[in-house]
Amino acid sequence: MTGTQEVKSWGDFLVTGVVMALIGLLMIIFQAESLDIVLIIFGVLLIIGGALNVFGGIRYGDNAEIVSGVIQIVLGIAMVIATNLVSDILMVVLAIGLIVIGASNALGGLKAGLEVKERIIPIAVGAAFLVVGIVALFNLNDTADIVMIVIGAVTLLGGLLDIYSAFKLKTL
(Lines give C-alpha, C1' and ligand atoms only; values in the text may rest on other atoms or scores of the structure.)
Protein backbone atom coordinates (compact mmCIF):
# COMPACT_ATOMS: atom_id res chain seq x y z
CA MET A 1 0.00 0.00 0.00
CA THR A 2 2.12 2.85 -1.23
CA GLY A 3 1.03 6.44 -1.08
CA THR A 4 -1.89 5.92 1.28
CA GLN A 5 -2.39 8.10 4.30
CA GLU A 6 -5.03 7.83 6.99
CA VAL A 7 -6.99 11.07 7.38
CA LYS A 8 -9.08 12.02 10.38
CA SER A 9 -12.76 11.85 9.58
CA TRP A 10 -14.60 15.09 9.06
CA GLY A 11 -16.58 14.40 12.24
CA ASP A 12 -13.39 14.40 14.33
CA PHE A 13 -12.46 17.81 12.95
CA LEU A 14 -15.98 19.09 13.56
CA VAL A 15 -16.10 17.96 17.21
CA THR A 16 -12.58 19.23 17.92
CA GLY A 17 -13.37 22.53 16.22
CA VAL A 18 -16.61 23.09 18.11
CA VAL A 19 -14.98 22.26 21.47
CA MET A 20 -11.98 24.53 20.75
CA ALA A 21 -14.22 27.34 19.55
CA LEU A 22 -16.37 27.12 22.69
CA ILE A 23 -13.34 27.02 24.99
CA GLY A 24 -11.80 29.99 23.16
CA LEU A 25 -15.04 31.93 23.40
CA LEU A 26 -15.33 31.20 27.12
CA MET A 27 -11.73 32.35 27.64
CA ILE A 28 -12.50 35.61 25.85
CA ILE A 29 -15.70 36.16 27.85
CA PHE A 30 -14.45 35.18 31.31
CA GLN A 31 -10.82 36.34 30.89
CA ALA A 32 -8.84 36.11 34.17
CA GLU A 33 -11.53 33.91 35.73
CA SER A 34 -10.88 31.34 33.00
CA LEU A 35 -7.20 31.42 33.97
CA ASP A 36 -8.26 30.44 37.49
CA ILE A 37 -10.21 27.49 36.07
CA VAL A 38 -7.25 26.42 33.93
CA LEU A 39 -4.94 26.62 36.96
CA ILE A 40 -7.32 24.55 39.08
CA ILE A 41 -7.63 21.88 36.37
CA PHE A 42 -3.86 21.85 35.90
CA GLY A 43 -3.41 21.67 39.69
CA VAL A 44 -5.70 18.65 39.96
CA LEU A 45 -3.81 16.96 37.11
CA LEU A 46 -0.51 17.69 38.89
CA ILE A 47 -1.86 16.14 42.11
CA ILE A 48 -2.99 13.01 40.26
CA GLY A 49 0.26 12.74 38.28
CA GLY A 50 2.30 13.36 41.42
CA ALA A 51 0.44 10.67 43.33
CA LEU A 52 1.05 8.21 40.50
CA ASN A 53 4.76 9.12 40.56
CA VAL A 54 4.95 8.65 44.33
CA PHE A 55 3.24 5.26 44.15
CA GLY A 56 5.44 4.21 41.22
CA GLY A 57 8.55 5.41 43.03
CA ILE A 58 7.60 3.47 46.16
CA ARG A 59 6.80 0.37 44.11
CA TYR A 60 10.10 0.42 42.20
CA GLY A 61 12.29 1.97 44.92
CA ASP A 62 12.99 5.09 42.85
CA ASN A 63 13.63 7.97 45.28
CA ALA A 64 13.90 10.55 42.47
CA GLU A 65 10.42 9.55 41.30
CA ILE A 66 9.06 9.91 44.84
CA VAL A 67 10.61 13.38 45.22
CA SER A 68 9.32 14.41 41.81
CA GLY A 69 5.83 13.20 42.73
CA VAL A 70 5.84 15.05 46.06
CA ILE A 71 6.91 18.28 44.31
CA GLN A 72 4.11 17.83 41.77
CA ILE A 73 1.58 17.25 44.56
CA VAL A 74 2.72 20.36 46.46
CA LEU A 75 2.58 22.49 43.29
CA GLY A 76 -0.83 21.04 42.43
CA ILE A 77 -2.21 21.80 45.88
CA ALA A 78 -0.83 25.34 45.65
CA MET A 79 -2.53 25.81 42.27
CA VAL A 80 -5.86 24.62 43.64
CA ILE A 81 -5.75 26.42 47.01
CA ALA A 82 -3.89 29.62 46.07
CA THR A 83 -5.07 30.11 42.50
CA ASN A 84 -4.93 33.91 42.67
CA LEU A 85 -1.37 33.85 44.03
CA VAL A 86 -0.22 31.41 41.33
CA SER A 87 -1.94 33.54 38.68
CA ASP A 88 -0.17 36.65 39.98
CA ILE A 89 3.17 34.83 40.01
CA LEU A 90 2.65 33.75 36.40
CA MET A 91 1.82 37.32 35.38
CA VAL A 92 4.90 38.66 37.21
CA VAL A 93 7.08 36.08 35.41
CA LEU A 94 5.49 37.10 32.10
CA ALA A 95 6.06 40.81 32.83
CA ILE A 96 9.68 40.24 33.85
CA GLY A 97 10.18 38.17 30.71
CA LEU A 98 8.86 41.04 28.58
CA ILE A 99 11.17 43.46 30.38
CA VAL A 100 14.21 41.21 29.86
CA ILE A 101 13.37 40.69 26.17
CA GLY A 102 12.85 44.43 25.75
CA ALA A 103 16.13 45.31 27.43
CA SER A 104 17.96 42.68 25.39
CA ASN A 105 16.51 43.99 22.11
CA ALA A 106 17.22 47.62 23.00
CA LEU A 107 20.80 46.84 24.04
CA GLY A 108 21.23 44.75 20.89
CA GLY A 109 20.32 47.82 18.87
CA LEU A 110 23.10 49.76 20.58
CA LYS A 111 25.81 47.31 19.46
CA ALA A 112 28.87 48.85 17.94
CA GLY A 113 29.17 48.59 14.19
CA LEU A 114 25.47 48.92 13.41
CA GLU A 115 24.30 51.73 11.21
CA VAL A 116 21.55 54.03 12.49
CA LYS A 117 18.87 52.39 10.29
CA GLU A 118 19.85 48.96 11.68
CA ARG A 119 19.49 50.26 15.24
CA ILE A 120 16.01 51.77 14.98
CA ILE A 121 13.89 48.61 14.85
CA PRO A 122 15.62 46.69 17.69
CA ILE A 123 15.61 49.77 19.90
CA ALA A 124 11.94 50.56 19.11
CA VAL A 125 10.81 46.96 19.63
CA GLY A 126 12.90 46.73 22.78
CA ALA A 127 11.41 49.94 24.15
CA ALA A 128 7.89 48.71 23.35
CA PHE A 129 8.52 45.42 25.17
CA LEU A 130 9.99 47.31 28.13
CA VAL A 131 6.94 49.56 28.39
CA VAL A 132 4.49 46.66 28.03
CA GLY A 133 6.44 44.65 30.63
CA ILE A 134 6.50 47.51 33.12
CA VAL A 135 2.79 48.24 32.64
CA ALA A 136 2.04 44.51 33.00
CA LEU A 137 4.11 44.31 36.18
CA PHE A 138 2.10 47.06 37.86
CA ASN A 139 -1.28 45.90 36.54
CA LEU A 140 -1.43 42.11 36.98
CA ASN A 141 -5.22 41.71 36.76
CA ASP A 142 -5.49 43.46 33.42
CA THR A 143 -2.46 41.51 32.20
CA ALA A 144 -4.21 38.23 33.04
CA ASP A 145 -7.33 39.44 31.21
CA ILE A 146 -5.34 40.36 28.10
CA VAL A 147 -3.35 37.10 28.13
CA MET A 148 -6.53 35.04 28.34
CA ILE A 149 -8.23 37.11 25.61
CA VAL A 150 -5.27 36.51 23.29
CA ILE A 151 -5.09 32.78 24.10
CA GLY A 152 -8.88 32.56 23.77
CA ALA A 153 -8.81 34.29 20.39
CA VAL A 154 -6.10 31.92 19.12
CA THR A 155 -8.05 28.91 20.45
CA LEU A 156 -11.28 30.20 18.90
CA LEU A 157 -9.52 30.74 15.56
CA GLY A 158 -8.06 27.21 15.70
CA GLY A 159 -11.52 25.83 16.41
CA LEU A 160 -13.07 27.73 13.52
CA LEU A 161 -10.32 26.48 11.20
CA ASP A 162 -11.04 22.89 12.30
CA ILE A 163 -14.75 23.43 11.64
CA TYR A 164 -13.89 24.78 8.19
CA SER A 165 -11.62 21.75 7.58
CA ALA A 166 -14.45 19.43 8.61
CA PHE A 167 -16.78 20.86 6.01
CA LYS A 168 -14.03 20.77 3.38
CA LEU A 169 -13.40 17.08 4.16
CA LYS A 170 -17.11 16.28 4.13
CA THR A 171 -17.47 17.64 0.59
CA LEU A 172 -14.60 15.47 -0.76
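## Basis

Helices are DSSP runs of H or I with at least four residues, numbered from the N terminus. The model is predicted, so local features need pLDDT of at least 70 and side-chain atom pairs pLDDT 80 or more, while totals for chains, interfaces and linings use all residues. Residues are numbered from 1 along each chain as its sequence is written, and side-chain values use heavy atoms, without hydrogens and water.

## Helix α2

Helix α2 has 29 residues and spans 41 Å from first to last C-alpha, close to the expected 42 Å (1.5 Å times one less than the number of residues). After α2 comes G61, with a positive phi near 65 degrees.

Among the buried residues of α2 are A32, S34, L35, L39 and L46 (buried: under 20% relative accessible area, 1.4 Å probe, protein chains only). Their cover includes α1 (10–30), α3 (63–81), α4 and α6.

## Crossing of α2 and α6

The axes of α2 (residues 32–60) and α6 (residues 140–170) come within 7 Å and cross at roughly 75 degrees; axes are lines fitted to C-alpha atoms over the stretch in contact, with angles from 0 to 180 degrees between N-to-C directions. The two helices are therefore roughly perpendicular (65 to 115 degrees).

A32, S34 and L35 of α2 meet A144, D145 and M148 of α6, where contact means heavy atoms within 4.5 Å.

## Nonpolar core

The largest nonpolar core has 12 residues, including M27, L35, M91, A144 and M148; such a core joins buried Ala, Val, Leu, Ile, Met, Phe, Trp, Tyr and Cys residues through side-chain atoms within 4.5 Å. Two or more of its residues come from each of α2, α4 (83–109) and α6.

Note on methods:
Parallel < 35°, antiparallel > 145°, perpendicular 65-115°, else oblique. Buried < 20%, exposed > 50% of the residue type's maximum accessible area, 1.4 Å probe, protein only.
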